[in-house]
Amino acid sequence: MPHLIVEYSQNLAGFPEAQALTELNQAVTSSPEVLDEADLKSRFVLVDSFEVGTAPANRAFVHAQLRLLSGRTPEAKKDLSERIAEVLRRLSPKPAGVMVQLSVEIVDMDRGSYVKERL
Amino acid sequence: MPHLIVEYSQNLAGFPEAQALTELNQAVTSSPEVLDEADLKSRFVLVDSFEVGTAPANRAFVHAQLRLLSGRTPEAKKDLSERIAEVLRRLSPKPAGVMVQLSVEIVDMDRGSYVKERL
Amino acid sequence: MPHLIVEYSQNLAGFPEAQALTELNQAVTSSPEVLDEADLKSRFVLVDSFEVGTAPANRAFVHAQLRLLSGRTPEAKKDLSERIAEVLRRLSPKPAGVMVQLSVEIVDMDRGSYVKERL
């Protein structure tokens, strides 16, 4: 059931999306929280129009959001965000002179109203 | 006030977005939870860069997120997600040899800080 | 740490994104809730495929979502959404004959599992 959405700003050209998708899905589905590898749906979103802060500086960002059904422990959530961060920290471009911010967020999805099926 | 966002992976080419928008808005605004049909703002997002799980298989997904102001009962939320699922289950392409996952998520928006107005 | 995402429907052509990013970042980072201006990561998303309600009418929307770490007071959240609304109310196109809806939502992010670092 988890959904992973990774956004990155367009000044990180050359982001290895395909490799990152493979490695992220490996890292997340090997968590004991994910029972079936096929449940993880991951995507990349390129952000064209953005601004980081107010200072005239070269800044970029990578932000990942993992949405999963509510009920996980704080420890399990922290472990999942660390798994994601490890991959993105390693694979994200770090252009010279650009400050790159990485963030990872875990979101609980309401379990009672969630619909999930295979068509 | 509700916001509906439907994402689908690009291997579901030919998704009838316009028809789905019409039917989704009909289905959701006919719920007693929605007082004014004009409040529902729905959009489709095509996902180009994605991967489902880790196995080498043809997989696709459709994911809908309905964001509405907090305070609904669990029953009302379940009814809303079922209304959305009914439309997407019916209208989503089901290409031969592709496993298509459908999911629907209801999200509570913080009521106290929400701003809503017509310009 | 805050993330600001502003979506607008494509019938609001000519939205001054660059100016709005500058003014939004100024407005949000001047809040006492934001300690470092560089923490605010803002982006615009143009929505091509959308429908507002069910009536045959010309309708448009601008929706902003500010995601910030949990723990703020209701008053602080309301102040932040008002800061954002003030800018968007002023800068959003208002085409003749089109009903434009503006909404601003504040989202709490789970603090315990959040990862944030500079690469």
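Modeller: Welcome! Buried area is the accessible area that two parts lose on being put together, summed over both. Please keep in mind that this is a predicted model.

Biologist: Thanks! How much area do chain A and chain B bury between them?

Modeller: Let's start with the residues that meet: 26 of chain A are in contact with 32 of chain B. Carbon and sulfur atoms account for 49% of the buried area. The total that the two chains bury is about 2400 Å².

Biologist: Which three residues supply more of chain A's buried area than any other three?

Modeller: Together, this trio gives 27% of the area that chain A buries against chain B. The residues are A:R43, A:V115 and A:L119.

Biologist: Which residue of chain B forms a salt bridge with A:E117?

Modeller: Between chain A and chain B, the count is four salt bridges. In the one formed by A:E117, the closest N and O atoms are 2.4 Å apart, and a salt bridge needs them within 4 Å. The partner is B:R89.

Biologist: Which element of chain A gives the largest share of the side that touches chain B?

Modeller: Helix 1 (17-29), strand 2 (41-47) and strand 6 (115-118) of chain A each give two or more residues to that side. The largest share is six residues, and it comes from helix 1 of chain A.

Biologist: What is the bridge partner of A:K41 in strand 3 of chain B?

Modeller: Here strand 2 of chain A runs antiparallel to strand 3 (residues 49-52) of chain B, and four bridges join them. In strand 3 of chain B, A:K41 is partnered by B:V52.

Technical notes. Residues numbered from 1 in each chain as written. Chains lettered and ligands numbered in written order. Predicted model: local features only at pLDDT ≥ 70, side-chain atom pairs only at ≥ 80, totals over all residues. Heavy atoms only, no water. Contact = heavy atoms within 4.5 Å. Buried area = accessible area lost by both parts, 1.4 Å probe. Salt bridge = Lys/Arg side-chain N within 4 Å of Asp/Glu carboxyl O. Pairing = 2+ DSSP bridges.
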